[in-house]
Amino acid sequence: MTQSPKHPKKWGTRIVEAGRNPEAFHGAVNPPVYHASTILFPTVDAMMQYETNRVRYGRHGTPGTHAFEDAMCEIEGGAAACLAPSGLAAVTGALLAFLKAGDHLLMVDTVYDPTRGFCDTMLAGLGIETTYYNPLDTEGLRALIRPQTKVIFAEAPGSRTFEMQDLPALVAIAQESASDIVTMIDNTWATPVYFRPLDFGIDVSIQAATKYIVGHADAMLGVATGNARVADQLVQGFRVAGHCAGPDDVYLGFRGLKTLPLRLKQHSDQAMALIAWIADQPDCARILYPAWPEDPGYGLWRRDFSGATGLFGFVMQGGTWDQAKALLDTLNLFGMGFSWGGYESLIVPNRSFKRLATPWDPEGPSFRIHAGLEDVDDLIADLEKGFAAFRAAAS
């Protein structure tokens, strides 16, 4: 991101400065960690001003958590940021802030599996109906919107299969249909470094800060940032639900934020090198990564996003589950574990998909890779062993 009239400082400078106030902490570069629940007030009058005091109770945040919230508002271009103990909690908190019994939610069919689980269980039990829509048929949203539709939720690219959405068109349809529809996106893949949803008219941008923002696989953290139109309701929803994040995790998120652009560039370079090798293998049917020129979503990604990160998928040209297991069990550098966004490379198989609007029928076994920060030649050598094991298991 370069300079603009609105933001005269370049992106690298802004993200380093965001949320910092050394003068308030005796010159310390980073805000200290406050392990605090009770906050004492010097006078009755001060206590009676409870709602106007930013620091008033640990659940509502300390100077450390407020510094991170301020930083997220700065880099997202938002009016309010709310913290949660995980990315999923940020998603559920944002949805509950704007939905009530009798309301209708339009949810992208390629959404993160735990978000789907929340819609199908908790929201359904509360009398909130969810309709899943095809991310590739944005115009089809018009026919799905009802008078009761209050939220349209997007994710680009989609979880595990990496479909892109036409987000400006989605926002336009929502705004034309009803003034009270709130648009949200899980923007964990791109982060605000490569896509700023609020600049495109989306109301709420959600991050699983556990992943790229923290960046070291050692903290759980979520954040939802809202524009001025929805900020008050978003904050109130999180406050009523009791969402808060631990001070140590917030500190790790604030620290990780400062190196985020540098790490993402390296993750992206690593991913492209791995993809180039995988795409050249006869076993590979296709790459799932919107920044790959042959991906169907490449045009949308290039138009709206300023970069790509280290998470991608690929599909094999035929094969069995036993072959997939042979590939995975042979790898040494690629760990098998959930989540992503840390310094370590990860791989998981894509086995089952619950889809209602977008059938997924791959040519063979499919996998998701997070390209870590190890030497890329070593990672390719590890994949060579895995692909050889995949072929050997066919005999």
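Modeller: Start with a helix pair. Helix 4 (residues 87-98) and helix 5 (residues 113-125) pack at an angle of about 40 degrees, with axes 10 Å apart. This is a predicted model: local features need pLDDT of at least 70, side-chain atom pairs count only at pLDDT 80 or more, and totals for chains, interfaces and linings use all residues. Residues are numbered from 1 along each chain as its sequence is written, and side-chain values use heavy atoms, leaving out hydrogens and water.

Colleague: How are helix 4 and helix 5 oriented to each other?

Modeller: Angles under 35 degrees count as roughly parallel, over 145 as roughly antiparallel, 65 to 115 as roughly perpendicular, and the rest as oblique. Helix 4 and helix 5 are therefore oblique.

Colleague: Which residues make the contact?

Modeller: Contact means heavy atoms within 4.5 Å. Helix 4 supplies L88, V91, T92, L95 and L96; helix 5 supplies P114, T115, F118 and L123. These residues divide into 7 nonpolar, 2 polar and no charged.

Colleague: How many disulfides does a search of the whole structure find?

Modeller: A disulfide is a pair of cysteine sulfur atoms within 2.5 Å. The search finds 0. C119 is in no disulfide; its nearest cysteine sulfur, that of C82, is 19 Å away. C244 is in no disulfide either, with the sulfur of C82 nearest at 12 Å.

Colleague: Is C119 buried or exposed?

Modeller: Buried means under 20% relative accessible area, exposed over 50%, partly exposed in between (1.4 Å probe, protein chains only). C119, at 2% relative accessibility, counts as buried. C244, at 33%, counts as partly exposed.

Key: Axes are lines fitted to C-alpha atoms, for helices over the stretch in contact, and angles run from 0 to 180 degrees between N-to-C directions. Helices (H or I, at least four residues) and strands (E, at least two) are DSSP runs, numbered from the N terminus. Ala, Val, Leu, Ile, Met, Phe, Trp, Tyr, Cys and Pro count as nonpolar, Asp, Glu, Lys and Arg as charged, and the others, Gly among them, as polar.
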